[in-house]
Amino acid sequence: FGSSRFTTATEPSSGHGQPPRVPNLIGGAFIDSKSSSLIDVINPATQEVVSQVPLTTNEEFKAAVHAAKKAFPSWRNTPITTRQRIMLKLQQLIRRDIDKLAMNITTEQGKTLKDAQGDVFRGLEVVEHSCGMATLQMGEYVSNVSSGIDTYSVREPLGVCAGICPFNFPAMIPLWMFPVAVTCGNTFVLKPSEKDPGASIMLAELAMEAGLPDGVLNIVHGTNDVVNAICDDDNIRAVSFVGSNTAGMHIYSRASAKGKRVQSNMGAKNHAIVLPDASVDATLNALVAAGFGAAGQRCMALSTVVFVGESKSWEDKVVERAQSLKVDCGTKPDADLGPVISKQAKERICNLIQSGVSDGAKLLLDGRNIVVPGYERGNFIGPTILADVKPDMECYKEEIFGPVLLCMQANSFEEALDIVNKNKYGNGASIFTTSGAAARKFQTEIEAGQVGINVPIPVPLPFFSFTGSKASFAGDLNFYGKAGVNFYTQIKTVTQQWKDLPSGSGVSLAMPTSQ
Ligand code: NAD
């Protein structure tokens, strides 16, 4: 990679038969790690090694934090208008390079090119929103709280913040994090997923091309050790995490024990409730798209559908539509779903499908033995549907994170609500109905942070926040939107007095009160 430019997976650079090594970004320089421990980044459709990602040494990690700390004083004092203009430029550059970014994502992560474009676009929207940070970060002012005294509050950046990312949205999730953090005036250390780090590096290059000063954004690669170092480092003030519950709860407790702010978005089991009065065609399309899109590897995938009453008979139609989906390498223009991320993920998903069958669920569609011509070594699983699933089955209790739709049944709307609310996760839930009253009841009683009414994947746009709840989220302030700005800022409240005091007014040692 040399010391300046990262060459993407689509334009291999080494020329020596060795896969390129993904560099860290420290203090404005893309630097090869000295570490001899490397992890292969593997194309999930072909098993080719795309690049190698280093397990960053502790010394290199410290250097990244030091660079972020050093850059903070001048960055926080850089006018907000300048910081916004860098985001304005960044959004333009992301648009310019969206095809390259998408190709990198498809190569490293497997999702279809069209879906990869969506991955970039949903992150781009957060960059666009950050362009209005001056208004978002505005403080408050009350004049004359007491005679001649005014109080105002300002939202100040925290210092060095860090972000730890999952594999499933290699562009969107880094873009949930650093644009908001740095536009608020913080500096940042990003730890991309070791499975698909390319998009983060490309985005960092674009951020630097947009004018982000050296040290404001740093990138370190690795796994548990570098994550633990982030949790423990006293110079880091806040940690944003997105990923599984195992890692998320570990990071939440370890980093908050060190006094850091933590926002931790974790796993999910998102349900759809289908009422018999729902519009059939639109509902079936929504179930198939949200169940199998991105091969089910979305934290907002609708992985479970609860059919109420007669709507159970729609199961066959869901199977028909799911059967017609095309499973192929993500670069193929007509692919609907690509491979899952790894051999291990495929094995885990297949085991969970088998456990469903052993526990008595009915396998209406089995995608486990699919072979994709030309990509026989890929980690493909075709759309799979299990019916008659019960809450105590392993396949229901675990997040499957693959192209598997579970079908359950309820005799009444109340029973369906009860099933969903008993699930430990609370990321999202959707209802499909033509009844306003039922939709309103659902909105009020459902215990999920993101609610869809005839909308299968209700991920809020950046002027709202990503509001998962229950076991899907730990922390107080969600990602992006107003909560995201609050997460990356702290409030300073100033009370000022400008008045001509009459002479001889004396000294009072009593607690000042406003009278
Ligand atoms: P993961 O937890 O395995 O990895 C996420 C990050 O944590 C990676 O950077 C990884 O290196 C690190 N990590 C993993 N295990 C660790 C450990 N024991 N100690 C320290 N660090 C560790 O998650 P993943 O497989 O990359 O992503 C899939 C998961 O992410 C799913 O559960 C999905 O639901 C969830 N997810 C949630 C959201 C959301 O907003 N709620 C969004 C996307 C993905």
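## Residue classes and the model

Ala, Val, Leu, Ile, Met, Phe, Trp, Tyr, Cys and Pro count as nonpolar, Asp, Glu, Lys and Arg as charged, and the others, Gly among them, as polar. The structure described with these classes is a predicted model.

## The largest pocket

The largest pocket has a volume of about 1,000 Å³, and 41 residues line it, with Phe167, Lys195, Gly243, Ser244 and Ala247 lying nearest its centre. By class, the lining of the largest pocket divides into 18 nonpolar, 15 polar and eight charged residues.

At least two lining residues come from each of helix H8 (224-232), strand E10 (236-242), helix H9 (245-257) and helix H12 (343-358). Of these elements, H9 supplies the largest share of the lining, namely five residues.

## The second largest pocket

For the second largest pocket the volume is about 340 Å³, and among the 14 residues that line it, Gln497, Lys499, Ser508, Pro512 and Thr513 are the closest to its centre. The lining of the second largest pocket comprises six nonpolar residues, seven polar and one charged.

## Strand E16 and its partners

Strand E16, which spans residues 404-410, is mostly covered, with six of its seven residues buried. Strand E13 (residues 302-308) pairs with E16 in the parallel sense over five bridges, and within this part of the structure Phe307 has Gln409 of E16 as its bridge partner.

E16 is also joined to strand E15 (residues 384-387), with which it runs parallel, by three bridges; here Thr384 stands opposite Val404 in E16.

Technical notes
Residues are numbered from 1 along each chain as its sequence is written. This is a predicted model: local features need pLDDT of at least 70, side-chain atom pairs count only at pLDDT 80 or more; totals for chains, interfaces and linings use all residues. Side-chain values use heavy atoms; hydrogens and water are left out. On a 1 Å grid over the protein atoms alone, a cavity is a set of points where a 1.4 Å probe fits but cannot get out, and a pocket is an open set with protein on both sides within 12 Å along at least five of seven lines; lining residues have an atom within 4 Å of a point. Grid points are joined across faces, edges and corners, and a volume is the space filled by probe spheres set on the points. Helices (H or I, at least four residues) and strands (E, at least two) are DSSP runs, numbered from the N terminus. Buried means under 20% relative accessible area, exposed over 50%, partly exposed in between (1.4 Å probe, protein chains only). Two strands pair if DSSP finds at least two bridges between them.
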